[in-house]
Amino acid sequence: FLGRGAGFVVPGMMNVGQMDGGCRGGQGRKRRGGGPAWVASRRDWDHPYVTSLVVPTGIGASMGGYAGDAIPVARLLGEVADLVLTHPNVLNGAQLYWQSPKLLYVEGYALDQFMRGAWQLDCGHHGNRVGLVFDCAMDEELMLRHVQVAHAARATLGLRLGPFVRTDRPVGVQLRSSAGSSASWGTIQNPDTLLRASRKLVNDMQCDAIAVVVNFPDEDEDMLESYRSGQGVDPIAGAEAVISHLLTRELQVPCAHAPALPPLPVSAAVNPKACAEELGYTFLPSVLFGLSRAPRIVTSDHSVSSDPLLRSHDVNSLVLPFGACGGGALLGSMHRAASDNDFLLILVEENSSRINVSASDLGYNGNLAVAKTYLEAAGIVTAHRAGIALESLKPTVPAVTEVR
């Protein structure tokens, strides 16, 4: 382990009863019609342990770079933390997903804003009303299959779904990748058509969250085959992030995207990590489920302290791939990390990617622990939560020094 200081202090944890849906609340107080997320007999200085799990999109991460293959990591951390704050790239598994009130589904731009303290998260609700935006460029058969997903989600899962709106113009996604395919990204020719459709759902139809399905062009064959074999970068992930970031920034509601793509030819050579995307005609089920329970975004700190809002200073630790430290979640935490001995950055070496930006490259000078695996990272979270000095868990323990 690498770290700063002789140990880590974690406030005493409360004895909580997990309720349907949320984060933290005070003594059973309700807000906006929603029940409390956490009910406890607690002292004012106790709080749940919150960790944030981030795997950046479109960088070829060996874990979390495919459809839902980081869900086991999120589940593991959920067993040792009270709440795991993460994002759709981690939790979306096409038609596969995992239900746990401990896993908070937060779009990547919103997560960055939250970690830097600009936004808060409202977890005290009983489910979002999710509206759907469909790209008018989708062919009618593919459109129908996605509408049927919404029908099925309402009929079988009981999700609160609003209507769907077709864009008035094709969205016009164009796929791009950096030299050597180290990362994928994309552009949108007609972003205004997405915003018009989404605003209609939020402003006129009272939807709390937006699921977007956009028609995507054919992917580069070499990149696609490399991805399906478990070796490459997801060729559409970067463009998907552009769409969800745009809508989240402008509308300030939970958003997530599912691409509209034709089924791929059956192949026995597909890597298990890529198989979730081989299961059917749509990626929408996991998006609808995630958005239905996603925390709502609060952009001004107007609430009283007993409201069930989660704030950046409630996060105890941040878990990242070792070489993927250039994103907004860590950059937004830098000031706090430099002055808060309770905050811990955990970097996981085995989750390699096509980029290499280390914490030291950013000048990070907060508490830091390096784990070889996510299994080891879960142990570090357990020790941090318990207030156990990490260096005390090694064969050689450093001596206490005198300061003159």
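Reader: What should I know about the model before we start?
Author: It's predicted, so local features need pLDDT of at least 70 and side-chain atom pairs count only at pLDDT 80 or more, while totals for chains, interfaces and linings use all residues. Residues are numbered from 1 along each chain as its sequence is written, and side-chain values use heavy atoms, with hydrogens and water left out.

Reader: OK, how many aromatic pairs are there?
Author: Three. Rings of Phe, Tyr and Trp (its six-membered ring) pair if their centres lie within 6.5 Å; planes under 30 degrees apart are stacked, over 60 edge-to-face, and the rest tilted. One of the pairs is Tyr97 with Phe289, stacked at 4.5 Å centre to centre with 20 degrees between the planes.

Reader: Which parts does that pair tie together?
Author: Tyr97 is in the loop between α2 (88-91) and β5 (103-105) and Phe289 is in helix α8 (residues 284-292), so parts 192 residues apart in sequence are tied together. Helices (H or I, at least four residues) and strands (E, at least two) are DSSP runs, numbered from the N terminus.

Reader: And Phe289, buried or exposed?
Author: Phe289 is buried, at 13% relative accessibility. Buried means under 20% relative accessible area, exposed over 50%, partly exposed in between (1.4 Å probe, protein chains only). Tyr97 is partly exposed at 29%.

Reader: Switching topic: what sits over the ring of Trp98?
Author: The charged end of Arg75, 3.6 Å from the ring centre. That call needs NZ of Lys or CZ of Arg within 6 Å of the ring centre and within 35 degrees of the ring normal.
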